[in-house]
Amino acid sequence: MLILCPYCRKQNEIEHVERGNNVECTCGAVFDLDDSTVLADYSAIDAPPPKQIGPYPIERFIGRGGMGRVYLGIHPQLNIPVAIKTLFPEYAAKPELRDRFMQTAKICAKLDHPNIVRVYDFGFETDGSPYLVLEYIAGGTLQEHLNKSGTISPRRAVEVGISVACALAEANKCGIVHRDVKPDNIMMASDGVCKLSDLGLAKIDLLEYSIREQQNYSRETKTGGLGTLQYMAPEQALSAKDCDIRADIYSLGVSLFQLLTDKLPYETYDPDKLYSLWFNVPPRSPHALRPEIPPELEQVILHCIEVEPENRYQTPQELREDLEACRDAVRQHKKQIRNEKITLRDQPESEKGKNLFTPTFLLILFLLVVLCGLLVWIVKTATL
């Protein structure tokens with residue numbers, strides 16, 4: 001089943017659900033399934049997956065992205081699971097997009113970094129449709145973790161930020177700007193290591209378009225919106241072809257904000273309203289939304305999401321250094337919060353009585369005794 005979120009305009013593929021039911025988008029919006037939100041009652045997820053793509057046997061359908069579908073396959077020689085990405089027919093039919101898909105895959109295949117999902121192979125099916133073979137990450141995405149388990153701890157957020165910053169720094173060496181950093185594209189391996197996926201691939205077809213043009217194009221072709229406006233830097237939303245690595249830093253800041261608070265800096269799905277908020281209203285305070293976030297970490301996040309690119313971190317290395325410096329602040333803040341939660345009620349009975357006899361309490365008690373004695377003396381003197 002293919003559905004369209006009326007709020008973020010993202011298309012999602014879900015198993016068939018009868019119309020009239022409510023569903024929840026990955027953006028958090030809940031909406032009814034009706035003629036305006038159902039694009040197709042049955043889609044690829046409801047159909048059996050292809051038995052094979054290239055030489056790779058296919059196990060099952062994994063998900064749907066902005067440009068195509070992803071399947072779980074098995075490497076025929078190594079016998080390990082792999083993720084296989086295919087293009088939608090409307091993209092695969094365009095030679096310029098196929099060529100760019102292949103060239104970008106070649107560039108990404110050269111990246112060998114522990115925080116980047118690796119590219120294993122690239123090929124064409126008999127009908128000319130390209131496919132990309134990627135490292136399969138069994139732990140799922142951080143968006144899935146947020147949906148199932150809720151927010152992550154400040155300590156974990158610091159480590160996620162450092163991992164993604166390292167990945168962006170490596171990609172930046174090759175001139176790659178991701179342009180779609182968000183929790184949906186940050187994978188979590190079974191050992192807890194975070195890996196950035198769709199590096200350089202998420203937007204290779206519409207880089208020259210503004211977000212408004214992308215939305216119009218998406219409606220005309222019935223394909224999903226490429227990227228989510230709420231994570232985009234203002235300059236990318238206005239002119240995607242001109243943005244640089246600082247746009248990815250902005251998107252990482254928004255992602256950390258959401259992973260920590262389950263909120264976005266600006267809660268709106270209206271592009272015009274978001275443009276206005278960007279340039280007229282400061283983002284919300286993460287610390288105000290969740291007091292256990294230390295001010296030092298909040299400062300790093302807010303520095304990432306400055307409206308003007310020149311006011312942000314200029315390189316992923318700068319961001320990584322500040323996040324590493326936050327490690328001690330996170331530990332100290334956690335300890336402080338824990339200490340503040342200790343109340344008299346939680347203390348042992350033997351300790352509760354001791355708290356009554358503080359120096360201040362004894363001083364007040366002494367003054368009361370003196371005052372009472374003085375009043376007694378005045379009364380006795382008056383009666384004589």
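The protein chain contains 13 helices and 13 strands; helices (H or I, at least four residues) and strands (E, at least two) are DSSP runs, numbered from the N terminus. The structure is a predicted model, in which local features need pLDDT of at least 70 and side-chain atom pairs count only at pLDDT 80 or more, while totals for chains, interfaces and linings use all residues. Residues are numbered from 1 along each chain as its sequence is written, and side-chain values use heavy atoms, with hydrogens and water left out.

**The chain as a whole**

- Of the 384 residues in the protein chain, 46% are buried, where buried means under 20% relative accessible area, exposed means over 50%, and partly exposed lies in between (1.4 Å probe, protein chains only).
- The protein chain exposes about 19,700 Å², and carbon and sulfur atoms supply 54% of this area. Accessible areas come from the Shrake-Rupley method with a 1.4 Å probe, and for residues only the protein chains shown count as cover.
- Among the contacts in the protein chain with a separation of 6 or more, 60% join residues 24 or more positions apart; a contact means heavy atoms within 4.5 Å.

**The six-stranded sheet**

- Six strands form an open sheet with antiparallel pairing, in the order E6-E7-E8-E9-E11-E10. Two strands pair if DSSP finds at least two bridges between them.
- Strand E6 (52-53) and strand E10 (119-124) stand at the edges with a single partner strand each, so one side of each has no neighbour in the sheet.
- Strand E8 (residues 68-74) pairs with strand E9 (residues 81-87) over seven bridges in the antiparallel sense, and Arg-69 stands opposite Thr-86 in E9.
- Helix H2 (residues 95-109) packs on the sheet and touches E9, E10 and strand E11 (130-135); the direction of H2 makes about 155° with that of E10. For such angles, axes are lines fitted to C-alpha atoms, for helices over the stretch in contact, and angles run from 0 to 180 degrees between N-to-C directions.

**Strand E11 and its partners**

- Six of the six residues of E11 are buried, so this strand is largely enclosed by the rest of the structure.
- E9 and E11 are joined by five bridges in the antiparallel sense, and the bridge partner of Thr-86 in E11 is Tyr-131.
- E10 and E11 also pair in the antiparallel sense, over five bridges; here the partner of Phe-124 in E11 is Pro-130.
- A hairpin is formed by E10 and E11, with five residues between them, and Gly-128 in the turn has a positive phi of about 90°.
- In a regular strand, side chains alternate between the two faces of the sheet.

**Lys-85 in strand E9**

- Lys-85 is found in strand E9 and is buried, with a relative accessible area of 13%.
- Leaving aside neighbours within four places in sequence, Lys-85 is in contact with Arg-69, Val-70, Pro-130, Tyr-131, Leu-132 and Asp-198.

**The three-stranded sheet**

- Three strands form an open sheet with antiparallel pairing, in the order E2-E1-E5.
- Strand E2 (11-13) and strand E5 (38-40) are the edge strands, and each pairs on one side only.
- From one strand to the next, the twist averages 30°.
- Strand E1 (residues 2-4) and E2 run antiparallel and are joined by three bridges; Leu-2 has Glu-13 as its bridge partner in E2.

**Cavities**

- A search of the whole structure finds three cavities of 30 Å³ or more. On a 1 Å grid over the protein atoms alone, a cavity is a set of points where a 1.4 Å probe fits but cannot get out, and lining residues have an atom within 4 Å of a point. Grid points are joined across faces, edges and corners, and a volume is the space filled by probe spheres set on the points.
- The second largest cavity holds about 70 Å³ of space. Eleven residues line this cavity, and the closest to its centre are Val-117, Val-119, Leu-134, Asp-198 and Leu-199.

**Residues with positive phi**

- Asn-79 lies in the loop between E8 and E9. Its phi is near 60°, a positive value in a residue other than glycine, and at 61% relative accessibility Asn-79 counts as exposed.
- Asp-262 is placed in the loop between helix H7 (245-261) and helix H8 (271-280). The phi of Asp-262 is likewise positive, near 60°, in a residue other than glycine, and Asp-262 is partly exposed, with a relative accessible area of 45%.

Note on methods
1 Å grid on protein atoms, 1.4 Å probe; cavity = no way out; pocket = protein on both sides within 12 Å on 5 of 7 lines; lining within 4 Å.
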